[in-house]
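Here is a short report for a first look at a structure. Have the sequence and the 3D view open as you read.

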Amino acid sequence: IGGYVRATAEYDFNGIVNDVDFYPALIPQRGSGNFAKNQFQMDITTSTLFLKLVGRTKHLGDFVVYTAGNFRGDGKTFELQNAYAQFLGFTIGYSYGSFMDLGNVPATIDFAGPNGMSIYHATQIRYEHAFAKGLKAGIGVEMPVVDGLTNEHVSIAKQRMPNFPVYVQYGWNPKSHFRAAAIIRSMTYDDLTARKAESEIGWGVLASATFNLTNRLQVYGQGVYGKGIGQFLNDMSMLNVDVVPNPEKEGKMQVLPMMGWFAGMQYNFSPKVFITS
């Protein structure tokens, strides 16, 4: 049983985003009526409580049961962030998804993380297996969530198919690896004009890498491209653009091409002091 308290203080000198996290998609347009440009903010909602159980059984081998949450719910209420069990290569529960690279995330001051990064949570069943030295792969089935724009002719329906992510990763030392991943998803919506359910196919591909150039310098990079994957991309997920109305066809929706990428570096002055860019 554990946890930590994390406090962040920030000062915005020229009016970027009215949020404790830095989301470039929410930067207001000029002349939006925000007259007070600068603002001071403090945040403590990412403080975390967790419970981790580790054991060994005769038939399932080593297993882990993990739950964690922070205070990012509505009104700063406690909100579940992770709840899963791991055994025999399986992960079952609610955790980070497979169409991302959690080992390739440079540190940022705010909780949001790098813009353009693929990051999300999902209820899932995932299987991972280590092959030759440094090589591993995983495949998953994830609960579908569709965030889309609607109008009087279309609405988001109940989803009929899960998301299917897959990845392969090769690591040549504890701090260096390359990962390639892909995802395919079917997004169901209601055509209110024809009074029937329709679907659009979304897909995405991801390539990421991190490696140490020297003992003190770590490099990070990731690129993502696809259609209908807005909710997986940091910052773009704020805009609800997995599917959007088709302006040329009443009652129809469409998926849009979208891309996100980032590059970063971390230099360690000492084991306890570093700077990132």
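## The model

This is a predicted model.

## Nonpolar cores

The largest nonpolar core has 14 residues. F99, Y120, I183, V224, I229 and F232 have the most contacts inside it. In soluble globular proteins, nonpolar side chains tend to be buried together.

A second, separate core has seven residues. M187, Y189, M253 and V255 are among them.

Take F232 for a closer look. Leaving aside residues up to four places away in sequence, F232 touches F99, M117, S118, I119, Y120, N163, I183 and R185.

## Two positive phi angles

R195 is not a glycine, yet its phi is positive, near 55°. R195 sits in the loop between β12 (176-191) and β13 (196-212). Is R195 buried or exposed? Its relative accessible area is 76%. R195 counts as exposed because this value is over 50%.

D235 also has a positive phi, near 85°, and is a residue other than glycine. Its loop runs between β14 (217-227) and β15 (244-245). The relative accessible area of D235 is 8%. That is under 20%, so D235 is buried.

A25 belongs to the loop between β2 (8-12) and β3 (39-43). With a relative accessible area of 29%, A25 is partly exposed.

Which residues does A25 touch, not counting those up to four places away in sequence? They are D235 and L239. T91 is 66 residues from A25 along the chain. The C-alpha atoms of A25 and T91 are 33 Å apart.

Notes:
Residues are numbered from 1 along each chain as its sequence is written. This is a predicted model: local features need pLDDT of at least 70, side-chain atom pairs count only at pLDDT 80 or more; totals for chains, interfaces and linings use all residues. Side-chain values use heavy atoms; hydrogens and water are left out. Helices (H or I, at least four residues) and strands (E, at least two) are DSSP runs, numbered from the N terminus. Buried means under 20% relative accessible area, exposed over 50%, partly exposed in between (1.4 Å probe, protein chains only). A nonpolar core is a set of buried Ala, Val, Leu, Ile, Met, Phe, Trp, Tyr and Cys residues joined through side-chain atoms within 4.5 Å. Contact means heavy atoms within 4.5 Å.
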